[in-house]
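Here are my notes on the side-chain contacts, as numbered points. Please read them against the structure.

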Amino acid sequence: MEECLFCRIIAGNIPSNKVYEDELCYAFYDIAPMTPTHFLVVPKEHIASAAEITGENAYIVAHIYEVIAKLAAEMGFADGFRVVTNCGADAGQTVHHLHFHVLAGKQMGSFN
């Protein structure tokens, strides 16, 4: 997906502050952090949103959650963090490549 912002970041065509990378996913710090620790984890395979998760690609999402847990432990915030993904424009998704925001480093309120 040549026009996809996150595909271009993964390919190295747009610079990013990398947190982690393996064969299935890429993690990098958000350019407009909402919390002291705020990074994104994206699959290397272009999946437009959570609505496109299937039985064939669900293993990638499971792997991403494993990576998030590993990074949380390594970075020292395993006792409290939030993972957010927006699905579709009405939910606030602005880049149509599945991505997970990992937020930590401050007390966050609950959704009521």
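1. Lys 70 has a relative accessible area of 39%, so this residue is partly exposed. The model is a predicted one. Lys 70 makes a salt bridge with Glu 74, and the closest N and O atoms are 3.9 Å apart. That is within the 4 Å cut-off for a salt bridge. Glu 74 is exposed, at 55% relative accessibility.

2. Where do Lys 70 and Glu 74 sit relative to each other? Both are in helix α2, 4 residues apart, so about one helical turn separates them.

3. The structure holds 3 salt bridges. Side chains of opposite charge can pair when their charged atoms come close. Glu 21 takes part in a bridge to Lys 18, with closest N and O atoms 3.1 Å apart. Glu 21 also bridges to Lys 44, where the closest N and O atoms are 2.9 Å apart. This second pair links distant parts of the chain. Glu 21 is in strand β1 (residues 18-21), while Lys 44 is in the loop between β3 (37-43) and α2 (58-75), 23 residues apart.

4. How exposed is Glu 21? Its relative accessibility is 36%, so Glu 21 counts as partly exposed. Lys 18 is partly exposed at 47%. Lys 44 is partly exposed too, at 28%.

5. Turning to the rings, a search of the whole structure gives 6 aromatic pairs. One of them joins Phe 6 and Phe 28: the centres are 5.6 Å apart and the planes at 70 degrees, so the pair is edge-to-face. Phe 6 lies in helix α1 (residues 5-10) and Phe 28 in strand β2 (residues 25-29), so the pair ties together parts 22 residues apart in sequence. Phe 6 is buried at 4% relative accessibility. Phe 28 is buried with a relative accessible area of 5%.

6. Phe 39 and Phe 77 form a tilted aromatic pair, 6.4 Å centre to centre with 55 degrees between the planes.

7. Phe 39 is buried, at 0% relative accessibility. Phe 77 is buried as well, at 7%. Ring pairs link Phe 39 and Phe 77 with Tyr 29 and Phe 81 into a cluster.

Conventions. Residues are numbered from 1 along each chain as its sequence is written. This is a predicted model: local features need pLDDT of at least 70, side-chain atom pairs count only at pLDDT 80 or more; totals for chains, interfaces and linings use all residues. Side-chain values use heavy atoms; hydrogens and water are left out. A salt bridge is a side-chain nitrogen of Lys or Arg within 4 Å of a carboxyl oxygen of Asp or Glu. Buried means under 20% relative accessible area, exposed over 50%, partly exposed in between (1.4 Å probe, protein chains only). Helices (H or I, at least four residues) and strands (E, at least two) are DSSP runs, numbered from the N terminus. Rings of Phe, Tyr and Trp (its six-membered ring) pair if their centres lie within 6.5 Å; planes under 30 degrees apart count as stacked, over 60 as edge-to-face and the rest as tilted.
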